[in-house]
Amino acid sequence: MNHNIFNTNNIDTLSLAEKVLEYIYINGITYDNFDSHQKEIFKFFNTTKDFNDFKCFYINNFSTLNAGTTMKPVEAVGCFVHPRFNQVQPHTHDFFEFKYVLKGNATVFFNDQALTMKKSDFCIISPNTMHQTFIFDSETIMINFTIRRESITHSFCRIFLERNFISDFLMIENIENRNSTNFLYIKTNEDVHIENLAFLTYKNCSQRNSSNYSPLITESGIELILLKLATNYSTTQLPYEKIYSKNRKIYNILTFIRKNLSEITFKELSKEFNFSEAYLSRFIKKQTGQTFSEILKTYRLYEAAELLRNSKLSIMQIMQKIGYSGKTYFYDIFYEKHGMTPGVYAEKFGIK
């Protein structure tokens, strides 16, 4: 896909693709009659390649054939302006999506629930949540941040240092594999600091094809937004107790596992929460879709990556800290998760 048709030098200006989408919307063109309007639509483009790219994008992403499909993330952490006049169908994706309205109004539909977002509103959408976003005016600007599940704790580790409604929500939603409607909706009351952070993060991402682009700036900008939200705001859509009263038990279990990585056993966990091992095994699997061993492995690898990035501990010291004694096994599962050995990971991302 040639993304140049979605690029624009001015965030307030419609991109070439958005101008075509606006034309399609105004003239009532749909997937079913797109072919009969190809000649007039082709006039918007300078090359056949750009036209074919747009046609492929429109048919694959805006057609009723793809309603309810699951989208995959392109990069670990991304940021872009949500296309205006985008007749996208309801869909899910296996990554987190953060939406921030920089200007204007947008409507996000969650099954039969409509959420009207206004200037400075922020929304965190969990993986596997069916939704669709409508923006049918040229003035509205919505910035989308996309974060892979595995990047939540890797890239935004500081948000988990203290318990708050943001860290609670992200941890529960990241570990659980379910198909339900879960999102946080936060009114920031036109907070200028969050607005500036969102805009500067977007500006950095808009340069991703140049030497000026910095993934670290993108991650830092999003993390600062989350920290600001956690410190100064509360969720208006899903109050803390409403979200977690039914999940309090699993939250406490996951927190205990995360805090006792070096020496925890399933027997000790069942004793700590006064459950039989059989009941606890069924409960964890039902609530998270994963076994105790799978969760423990996930948390240990998260912690290992964080220590490799942010400490000067040796690999053997890190293994001891997270509860691994077998070097070969640790190297194998770390490579499977990150595509590189712990040593290469530390050299690439660690403290210089």
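In this predicted model, the second largest pocket holds about 820 Å³ of space. Its lining consists of 25 residues, and those nearest the centre of the pocket are H154, S155, E219, R309 and F349. By class, the lining of the second largest pocket has nine nonpolar, seven polar and nine charged residues.

Several helices take part. At least two lining residues of the second largest pocket come from each of α4, α7, α12, α14 and α15. The largest share is that of α7, which gives six residues to this lining.

Two of these helices, α12 and α14, also pack against each other, with an angle of about 85 degrees and axes 11 Å apart. Angles of 65 to 115 degrees count as roughly perpendicular, so α12 is roughly perpendicular to α14. The table gives the residues that meet in this contact.

| Helix | Residue range | Residues in the contact |
|---|---|---|
| α12 | residues 292-310 | K297, L301, Y302, A304, A305, L308 |
| α14 | residues 327-338 | Y329, F330, I333, F334, E336, K337, H338 |

The contact of α12 with α14 is made up of nine nonpolar, one polar and three charged residues.

T201 sits in α6, which covers residues 192-205. Is T201 buried or exposed? The relative accessible area of T201 is 2%. Buried means under 20%, so T201 is buried. Leaving aside residues up to four places away in sequence, T201 touches C79, F145, T218, G221 and I222.

Key. Residues are numbered from 1 along each chain as its sequence is written. This is a predicted model: local features need pLDDT of at least 70, side-chain atom pairs count only at pLDDT 80 or more; totals for chains, interfaces and linings use all residues. Side-chain values use heavy atoms; hydrogens and water are left out. Axes are lines fitted to C-alpha atoms, for helices over the stretch in contact, and angles run from 0 to 180 degrees between N-to-C directions. Helices (H or I, at least four residues) and strands (E, at least two) are DSSP runs, numbered from the N terminus. Angles under 35 degrees count as roughly parallel, over 145 as roughly antiparallel, 65 to 115 as roughly perpendicular and the rest as oblique. Contact means heavy atoms within 4.5 Å. Ala, Val, Leu, Ile, Met, Phe, Trp, Tyr, Cys and Pro count as nonpolar, Asp, Glu, Lys and Arg as charged, and the others, Gly among them, as polar. Buried means under 20% relative accessible area, exposed over 50%, partly exposed in between (1.4 Å probe, protein chains only). On a 1 Å grid over the protein atoms alone, a cavity is a set of points where a 1.4 Å probe fits but cannot get out, and a pocket is an open set with protein on both sides within 12 Å along at least five of seven lines; lining residues have an atom within 4 Å of a point. Grid points are joined across faces, edges and corners, and a volume is the space filled by probe spheres set on the points.
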